[in-house]
Amino acid sequence: MTVVSDSYMGFFLPDDIYERLIKFLDGNLSFPFVREDEILGIFFLFGKKYGIKNNLDILSAKDITRKTIDQLKREIFQSRNNTQLDNDYIKEKYQRRVLQIYVELQNNPKFEQIKVNERISKDPTLLMYCYAHHISFYRQKCFFEIYDPFRKDQVENKLHYLLLNRMVMLSYNVEKTIDLPYQTMTPFIEWIVKNN
């Protein structure tokens, strides 16, 4: 399995971001649905099931990271230059992606209607839009930090099955790590333990 297909992207801050995204898509929340003072945190986990096995996997993960950062920066830049960054514009952009997801799911023989909201709320494209649009709207900065494959001495025993030999990229909507009220990895570790 390649690193690309064994990778996962998600939000870990705020805790209820997936629910907020669905409420926004359903018309029960307006943009912005994250407050300016809330910290946004996204992650990319590389080698989720099988780990990072060799230097080629590390290079692949770093290449994906670079492309993802470029894509996020492009979306932030385009959003900042868009004078119509409002509820209707953003909802229309999200709805286009939702339609694409429906098309993808309907072509899948394992398509289950009950799992649609979960698939939509955790779609990497929608999550990147959400992250970029809130950073743009509030004119915030963000930073990215990538961790090489975790070794045994870097991870508590209880986290080995989740993080050992995995790579992680984290990003927050603050300029530098010192702007966070905690260590960079702390909320991510709390989230991954709670959700696995």
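The legends below describe close-up views of a predicted model. Local features are given where pLDDT is at least 70, side-chain atom pairs count only at pLDDT 80 or more, and totals for chains, interfaces and linings use all residues. Residues are numbered from 1 along each chain as its sequence is written, and side-chain values use heavy atoms, with hydrogens and water left out.

**View 1. Helix α2 (residues 55-80) and helix α5 (residues 124-137) cross at roughly 45°.**
Helices (H or I, at least four residues) and strands (E, at least two) are DSSP runs, numbered from the N terminus. Two packed helices are described by the angle between their axes and the distance between the axes. Here the axes come within 8 Å. An axis is a line fitted to C-alpha atoms, for helices over the stretch in contact, and angles run from 0 to 180 degrees between N-to-C directions. Angles under 35 degrees count as roughly parallel, over 145 as roughly antiparallel, 65 to 115 as roughly perpendicular and the rest as oblique. α2 and α5 are therefore oblique to each other. The crossing of α2 and α5 is right-handed, a term used if the near helix is turned clockwise from the far one by less than a right angle, with left-handed used if anticlockwise.

**View 2. Residues of α2 meet residues of α5.**
Contact means heavy atoms within 4.5 Å. From α2 come Thr68, Gln71, Leu72, Glu75, Ile76, Ser79 and Arg80, and from α5 come Met128, Tyr129, Tyr131, Ala132, His133, Ile135 and Ser136. Seven residues of this contact are nonpolar, five polar and two charged. Ala, Val, Leu, Ile, Met, Phe, Trp, Tyr, Cys and Pro count as nonpolar, Asp, Glu, Lys and Arg as charged, and the others, Gly among them, as polar.

**View 3. Glu75 lies in helix α2.**
Is Glu75 buried or exposed? Glu75 is buried, with a relative accessible area of 12%. Buried means under 20% relative accessible area, exposed over 50%, and partly exposed in between (1.4 Å probe, protein chains only). Leaving aside neighbours within four places in sequence, Glu75 is in contact with Lys93, Tyr129, Ala132 and His133.

**View 4. α1 (17-26) and helix α3 (residues 87-106) cross at roughly 105°.**
Their axes come within 10 Å. α1 and α3 are therefore roughly perpendicular to each other. On the α1 side, the contact is made by Leu21, Phe24 and Leu25; on the α3 side, by Asn87, Ile90, Lys91, Tyr94, Gln95 and Val98. By class, six of these residues are nonpolar, two polar and one charged.

**View 5. Tyr94 and Leu163 touch the most other members of the largest nonpolar core.**
A nonpolar core is a set of buried Ala, Val, Leu, Ile, Met, Phe, Trp, Tyr and Cys residues joined through side-chain atoms within 4.5 Å. This core has 60 residues, and α5 gives the most to it, with eight residues. Not counting residues up to four places away in sequence, Leu163 touches Leu45, Phe150, Val155, Val168, Phe188, Ile189 and Ile192.

**View 6. Val34 sits in the loop between α1 and β2 (41-46).**
Val34 is buried, at 2% relative accessibility. Its contacts, leaving aside neighbours within four places in sequence, are Pro14, Ile17, Arg20, Leu40, His134 and Tyr138. Pro14 belongs to the loop between β1 (7-13) and α1.

**View 7. Cis peptide bonds join Leu13 to Pro14 and Phe31 to Pro32.**
Most residues other than glycine have a negative phi, and most peptide bonds are trans. Omega is about -10° for the bond between Leu13 and Pro14, and about 0° for the bond between Phe31 and Pro32. Pro32 is found in the loop between α1 and β2.

**View 8. Arg139 and Asn165 have a positive phi.**
Arg139 is exposed, with a relative accessible area of 56%. Asn165 is placed in the loop between α6 (160-163) and β4 (167-172), and is partly exposed, with a relative accessible area of 38%.
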